[in-house]
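Here is a short briefing on one helix and the sheet beside it. Please look over the sequence and the model first.

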Amino acid sequence: AQSAFGLVITEIMYNPPGPSEDLEWIELYNEKAAPEDLSGYRFTKGIHYTFPTGWREDGRPLAALGPGEFLVLASNAQAFEEKYGFPPFGEFEGHLGNGGDLIVLENDAGDPHVYVPKEERTEPEIRREGARIISFSYDDRGKWPVAADGTGHSLMLVDVFGPQGDPDNWRASPTMWGNPG
């Protein structure tokens with residue numbers, strides 16, 4: 001489904017070369033002409049991350065994404081900064097599926113939800129989903145770019161206004177390790 005909110009996932013490193021998953025990352029872009037307050041938004045499928053709430057000293061939300069700005073979430077913040085030379089906005093839990101995955105970003109509509117890893121749950125996780133801001137699947141088969149599957153290239157969105165779940169709207173990055181941020 002295409003986002004109606006101006007937030008778009010524009011690049012995904014879902015299967016970095018080698019056995020380590022430490023250099024997985026996902027890039028989010030605000031294509032609107034206005035800032036987007038991501039406070040309380042959360043990735044609930046594919047990866048798990050909840051954007052912080054609260055305010056900066058300048059009065060902006062901690063999780064504000066300005067017009068035309070990008071942010072990156074990484075599986076391992078330290079490994080990402082060592083590789084790319086800048087810190088990601090945050091560090092997510094879980095890993096992106098090397099053979100494809102469903103990625104869902106929800107806002108705070110619906111039941112509040114705090115992600116609890118399976119091994120720490122004492123009862124089944126049951127809740128109503130929040131409003132889906134982004135929801136699409138990528139794959140490593142069919143028309144999806146195979147060069148993004150473990151070779152060191154990321155998956156890059158071609159058209160921010162096109163459907164994110166369409167393999168024709170994605171290509172492998174032209175450079176090794178992609179171009180986050």
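The buried residues of H1 pack against strand E1 (7-13), strand E2 (25-30) and strand E7 (70-74). Contact here means heavy atoms within 4.5 Å. Helices (H or I, at least four residues) and strands (E, at least two) are DSSP runs, numbered from the N terminus. This is a predicted model: local features need pLDDT of at least 70, side-chain atom pairs count only at pLDDT 80 or more, and totals for chains, interfaces and linings use all residues. Residues are numbered from 1 along each chain as its sequence is written, and side-chain values use heavy atoms, with hydrogens and water left out.

**Faces of the helix**
- Ala79, Phe80 and Tyr84 are the buried residues of H1 (residues 77-84); buried means under 20% relative accessible area, with a 1.4 Å probe and protein chains only.
- They lie on the same side of H1 because they cover an arc of only 110 degrees around the axis, taken from the directions from the helix axis to the C-beta atoms.
- Gln78 and Glu82 are exposed, on the face turned away from the buried side of H1; exposed means over 50%.

**Ends of the helix**
- At the start of H1, a side-chain oxygen of Asn76 comes within 3.1 Å of the backbone nitrogen of Gln78.

- Six strands form an open sheet with mixed pairing, in the order E8-E7-E2-E1-E11-E12; strands pair if DSSP finds at least two bridges between them.
- Strand E8 (90-91) and strand E12 (170-172) are the edge strands, each pairing on one side only.
- E7 and E8 pair in the parallel sense over two bridges.
- Ala74 has Glu91 in E8 as its bridge partner.

Conventions: A polar contact is a pair of N or O atoms within 3.5 Å; within protein, one must be able to donate a hydrogen and the other to accept it, and residues adjacent in sequence count only if both atoms are side-chain atoms.
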